[in-house]
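Hello,

Here is the structure I said I would pass on. My notes on it follow below.

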Amino acid sequence: MPLDRAEYRRASMSSDAHATTDEHRRALAHPPATLRVHDVTLRGPRLALRPLTEDDWAPLLAWNNDPEVLAWAEGDEIESRTLDEVQRIYRAISVNAHCFLMELDGEPIGECWLQHMNLERLVARHPGEGVRRIDIAIGLPALWGQGLGREAVGLLLDFSFRREGVDVIYACVDAGNVRSRRMFESLGFAVGPGMDAAGTESDADLDLMLNRADYAAARLNG
Ligand SMILES: CC(C)(COP(=O)(O)OP(=O)(O)OC[C@H]1O[C@@H](n2cnc3c(N)ncnc32)[C@H](O)[C@@H]1OP(=O)(O)O)[C@@H](O)C(=O)NCCC(=O)NCCS
C-alpha cells in the first residue's frame with residue numbers, strides 16, 4: 001500500500017488498516033479549489049525540491065497515466081487518471097502536507113511529499129508525537145535506480161527532523177517494491193509489518209519507520 005494517492009480511493013473503506021483521520025477524510029471529501037502552496041525549497045547535489053504549484057499539472061498528469069509508474073506507486077489495478085482526479089488528489093493532499101516537485105537540471109522528474117500522518121492506526125502508535133509520512137514517485141522510469149530517490153528522501157528527512165521538529169516518519173511500501181524498500185532502508189528506516197485491507201498484520205504491506213533519535217545516530221555514524 002504505497003503512495004497514499006491510493007488512500008483517496010480507500011477513504012470510503014471501513015477497514016482499520018486504511019482508516020484515515022478526520023482531517024484527512026474532510027480534505028479528501030472536499031478538496032480545496034487550488035493547491036495549498038508552501039514556500040520551502042530544498043536543494044541537494046543534483047536535485048531541487050520546490051513547492052508543487054497549479055502550473056505543474058502537465059507532468060503530474062503524464063506520470064499519473066504511465067502504467068509502469070502507477071504499478072509501483074499505487075500497487076494495484078489503477079492504469080490511468082483524468083486531470084480532474086489528479087487535481088482533486090493533489091489538492092486534497094496539499095492541505096496536510098508539504099508537496100514538492102522534484103527537479104533535475106531544472107526539469108520536472110517526479111513528486112514527493114511530507115504529510116501529517118493520515119492513518120489512524122499509525123497516529124495511535126505515537127501519542128503526543130509529531131508523526132509524518134513520506135510518499136514519492138519519480139515519474140521517469142529511466143531515472144530509477146540512480147540514487148535520486150535517496151537524495152530526495154534525504155532532503156525531506158533533514159527538513160523534517162532538523163527544521164520541522166518531527167518525531168517519527170513512516171513510509172508505507174509494498175514488500176514487493178524492493179527498490180523503494182531498499183532506498184528507505186539505506187536511509188535508516190526499519191521495517192515493521194503493515195496491515196492488509198482486512199486490518200490484520202501483513203507481510204505484503206510494510207510500515208517502514210524512522211524516528212528522530214535513530215536519524216541523528218545514523219548521521220553521526222554515517
Ligand atoms: C521508489 C523510488 C522513489 C526510488 O528512487 P530511486 O532513485 O529509484 O532509488 P535509489 O536509486 O535511490 O535507491 C534504490 C535502491 O534499490 C536498489 N535497486 C535499484 N534497482 C533495483 C531493482 N530493480 N530491484 C531491486 N533493487 C534495486 C539500489 O541498489 C538502491 O539500493 P542500495 O542503496 O542498497 O544500493 C523510484 O524508484 C520510483 O519512483 N519508483 C516508482 C514509484 C514508487 O515505487 N514509489 C514508491 C512507492 S512506496
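Helices (H or I, at least four residues) and strands (E, at least two) are DSSP runs, numbered from the N terminus. Residues are numbered from 1 along each chain as its sequence is written. The model is predicted, with local features needing pLDDT of at least 70, side-chain atom pairs counted only at pLDDT 80 or more, and totals for chains, interfaces and linings using all residues.

Strands β4 and β5 are antiparallel and joined by seven bridges; two strands pair if DSSP finds at least two bridges between them. Strand β3 (residues 97–104) also runs antiparallel to β4, with eight bridges, and M102 faces G110 across that pairing. The β3–β4 hairpin has two residues between its strands, and D105 in the turn has a positive phi of about 50 degrees.

Seven of the ten residues of β4 (residues 107–116) are buried, so β4 is largely enclosed by the rest of the structure. Buried takes 20 or more other C-beta atoms within 10 Å of a residue's own, exposed 12 or fewer, and partly exposed is in between, with C-beta atoms placed from the backbone.

Regards
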